[in-house]
Amino acid sequence: MTDPRSAAWDTYSQAKPQRRQTNAKGETTWFNWTQYADHGPGAELLALRPGASVLDLGCGSGGNLAHLATLGMKPVGIDLSARQLGKARDRWSDVGGLELHQADALAYLRDTSTIFDAIYSVFGAVWFTDPRLLVPLAHAGLQPGGVFAFSQRPPVKGCYGCQASYVPRGADEDPAIVKRWDYEPDIWSALLEEYGFAEVTATVLPAPEHDKRTVGTLLVRAVRGDQAQPCSAM
Ligand SMILES: C[S@@+](CC[C@H](N)C(=O)[O-])C[C@H]1O[C@@H](n2cnc3c(N)ncnc32)[C@H](O)[C@@H]1O
C-alpha cells in the first residue's frame, strides 16, 4: 500500500521551486539550515572530514547533499517523496557521489547496516516523525562522536507535541495532512540527553534583521557519546 505521506510530499514538491543557481556569494552549492536565503551557519556544524559518511533524513531536492558531496563527503539522502528525489537527480546529475533512496526515516534507520559519521535533517523527516521513535535510532546509527543536527520552525507558543501540517492541494480539494512534532528548545535538549546524546545545544536562530518575516529557526545539535545506549532506552 502506498504511504499517504508520500503523496502529500509529492504535492508539496510540485509547488516548491528548485534551489537558486547561485547564492549571494556566487557559489553553486552551499548548506542552508534555515528557511531564509544566505542565512545561518553552514556545513561546519556537522564537523566532518572529507570521506566521512553522512545521512540526510528527508533530503528533498538534495541541495545540502550536493554541497557535502562537493566537499568530499559520502552523502546519503533518503526521502519519502519520489518527486522530491526526482528533482534531486535532475538538478545534481553533474555532482558525483550522491546516494539517494526512497524510504521512510524510521524504516531506513532500522534497516541500514551503515553507521554514519553524522546524521542531519533540515525541515525534514526529524520534524515529521515522533522523536521518541527516531532519536534512539539516530543515536544507534551514529559513530561515537558523530553529530546529530536538525532544524525546523520553532513551536507556536502553547502548541507542543504532535501537530497537523496542512499541504495545499487543488482549489476544490481538501489539503493533505502530515503530522509534525513541535517542542521548545529545553524539551529537545532533555529528550536528546535522555537517549544518550551529549554536548546538546538547542537554540532559536533569529530571522535575518531586514526580512519582513520574523519567525526564527530552531537549530538543534548533539553529539553521540562513547557509550551505546542500553536496549531499555530504545
Ligand atoms: C519541508 S521538506 C524539506 C526538504 C529538504 N530537507 C530541504 O531543506 O529543502 C520535508 C521533506 O521531508 C520528507 N519527509 C517527511 N517525512 C519523512 C519521513 N518520515 N521519511 C523520509 N522523508 C520524509 C518529505 O518528503 C520532504 O521532502
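Hi everyone, let's begin at the ligand: one of its oxygen atoms lies 2.5 Å from a polar side-chain atom of D79. Please keep in mind that this is a predicted model.

How much of the ligand's accessible area does the protein cover? On its own the ligand has 600 Å² of accessible area, and the protein covers 90% of that.

As for where we are in the protein, the ligand sits in the largest pocket. The largest share is from α1, with 3 residues. In total there are 20 residues around the ligand, and those that come nearest are G58, D79, D104, A105 and V122.

Now, let me stay with helix α1 for a moment, which covers residues 4-15 and includes S13. Is S13 buried or exposed? Its relative accessible area is 1%, and because the cut-off for buried is under 20%, S13 counts as buried. Which residues does S13 touch, once neighbours within four places in sequence are left aside? They are S81, R83, Q84 and K87. With Q84 there is a polar contact too, side chain to side chain, at 2.9 Å.

Definitions and conventions. Residues are numbered from 1 along each chain as its sequence is written. This is a predicted model: local features need pLDDT of at least 70, side-chain atom pairs count only at pLDDT 80 or more; totals for chains, interfaces and linings use all residues. Side-chain values use heavy atoms; hydrogens and water are left out. Helices (H or I, at least four residues) and strands (E, at least two) are DSSP runs, numbered from the N terminus. Buried means under 20% relative accessible area, exposed over 50%, partly exposed in between (1.4 Å probe, protein chains only). A polar contact is a pair of N or O atoms within 3.5 Å; within protein, one must be able to donate a hydrogen and the other to accept it, and residues adjacent in sequence count only if both atoms are side-chain atoms. Contact means heavy atoms within 4.5 Å. A residue is near a molecule or strand if one of its heavy atoms lies within 4 Å of it. Accessible areas come from the Shrake-Rupley method with a 1.4 Å probe; for residues, only the protein chains shown count as cover. On a 1 Å grid over the protein atoms alone, a cavity is a set of points where a 1.4 Å probe fits but cannot get out, and a pocket is an open set with protein on both sides within 12 Å along at least five of seven lines; lining residues have an atom within 4 Å of a point. A molecule sits in a cavity or pocket if more than half of its atoms lie within 2 Å of its grid points.
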